[in-house]
Amino acid sequence: MTTTEAASGTATGPAATATGPVAKPTTGPRDGLRLLCRDPRTADVPWGEAHAVFDAAQDVAAIVSRQDLEDWLDCSLLHYPVLNAMRGGTPVPPEALTRVMHVSGDPRAGYVDAAKVRFQLAAGATVVVQNLHEWHRPAQQLCRRLAQLFSAKAGAVAFWTRAGEDGLRVHRDDGHLFVVQIAGTKRWYLYDTPRDAADWSPGYVEDLASARTVDLRPGQVLYLPEGIAHHTRTLDTESVHVTVAIREPRLRDTVELAVRACLARIPDHATLSGTGAEREETADELLTRLAEALGRVDRAALVRDLSRRAAETRGSR
């Protein structure tokens with residue numbers, strides 16, 4: 001039974017496929033945390049409630065190396081904005097990071113220039129390497145597994161900052177974050193943990209109360225709940241870390257999928273016509289039918305569909 005059928009009210013009862021009933025998933029945040037933790041007993045992280053620090057599993061701690069970054073600069077075809085840079089929350093212009101490469105005699109702009117990137121790094125910029133889950137095999141394998149376990153989108157980004165530099169200004173991210181410290185020590189300044197989605201929005205924030213600090217060292221992972229405000233500072237040596245973002249299905253996605261399935265039964269060419277009173281009557285009948293159809297939606301099928309779509313979506317956003 002499809003979600004469309006369930007939402008339109010044409011089918012009821014337990015969801016099933018051609019091969020039989022669908023078993024309820026047994027995965028969730030705890031299973032994902034076991035994959036990340038060196039000691040499975042530390043997988044009791046308060047999901048969505050508070051930050052936590054734990055030791056990374058061996059393969060997670062080695063997901064990216066300092067040498068990988070050097071190799072990507074010198075011996076790769078990285079292209080802007082897969083590699084970009086930020087300074088104080090402001091993007092470094094692409095021309096300050098890239099060069100023209102001649103491919104079969106044709107000039108192609110936007111390829112990373114190692115010398116320019118190193119100059120920006122030395123000048124205090126944070127170098128950002130995006131979408132590791134698309135092209136770096138260890139990150140790709142980890143994110144695909146996490147996407148299945150969390151039933152969510154999973155994506156990885158690497159950050160490289162010299163000693164003594166700040167990262168982005170105080171901001172909130174629209175996903176749960178697992179920060180894997182690869183090299184150096186980075187100090188994280190953590191502010192509030194929003195309890196309700198209506199109390200915050202992603203992006204830069206101002207005028208927050210004093211922060212708690214966490215010094216994250218190589219081989220450790222910092223878990224940040226969705227929406228917690230934060231910023232960072234690299235301490236006495238340069239820092240490399242990888243952030244794995246877990247973005248769960250949105251409530252808006254849930255509503256949109258259910259309503260879209262109900263709308264599938266209404267012809268595109270159907271109009272709201274007649275006098276004002278007649279249009280109000282038609283709208284009332286339509287909304288009544290919509291409410292009834294939504295009441296017949298198979299919730300389990302809807303959640304499974306959303307979870308599957310999220311886990312299969314490539315990218316972190």
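**Note on the nonpolar cores and salt bridges**

1. Setting aside neighbours within four places in sequence, V242 is in contact with I63, V64, L132, A156, V157, A158, F178, V179, V180 and I182. The model under discussion is a predicted one.

2. The largest nonpolar core comprises 47 residues. Those touching the most other members are F54, L132, F178, V242 and V244.

3. Turning to charged side chains, the count of salt bridges comes to 16. One of them joins E238 to R66, with an N to O distance of 2.3 Å. Because E238 sits in the loop between β16 (230-234) and β17 (239-247) while R66 belongs to helix α4 (residues 66-74), this pair ties together parts that are 172 residues apart in sequence.

4. A second salt bridge is formed by D74 and R118, whose closest N and O atoms are 3.0 Å apart. D74 lies in helix α4 and R118 in helix α5 (residues 114-122), so the pair ties together parts separated by 44 residues in sequence. The relative accessibility of D74 is 47%, and this residue therefore counts as partly exposed. R118, with a relative accessible area of 28%, is partly exposed as well.

5. The two pairs above should be read jointly. R66, E70, D74, R118 and E238 are linked in a network of salt bridges. Among these residues, R66 and D74 are placed in helix α4, R118 is in helix α5, and E238 is in the loop between β16 and β17.

6. The side chains of D192 and R172 also meet in a salt bridge, at 2.9 Å from N to O. This pair links distant parts of the chain, 20 residues apart: D192 is in the loop between β12 (186-190) and β13 (203-204), and R172 is in strand β10 (residues 171-172).

Methods:
Residues numbered from 1 in each chain as written. Predicted model: local features only at pLDDT ≥ 70, side-chain atom pairs only at ≥ 80, totals over all residues. Heavy atoms only, no water. Salt bridge = Lys/Arg side-chain N within 4 Å of Asp/Glu carboxyl O. Helix = DSSP H or I, 4+ residues; strand = E, 2+ residues; numbered from the N terminus. Buried < 20%, exposed > 50% of the residue type's maximum accessible area, 1.4 Å probe, protein only. Core = buried A, V, L, I, M, F, W, Y, C linked by side-chain atoms within 4.5 Å. Contact = heavy atoms within 4.5 Å.
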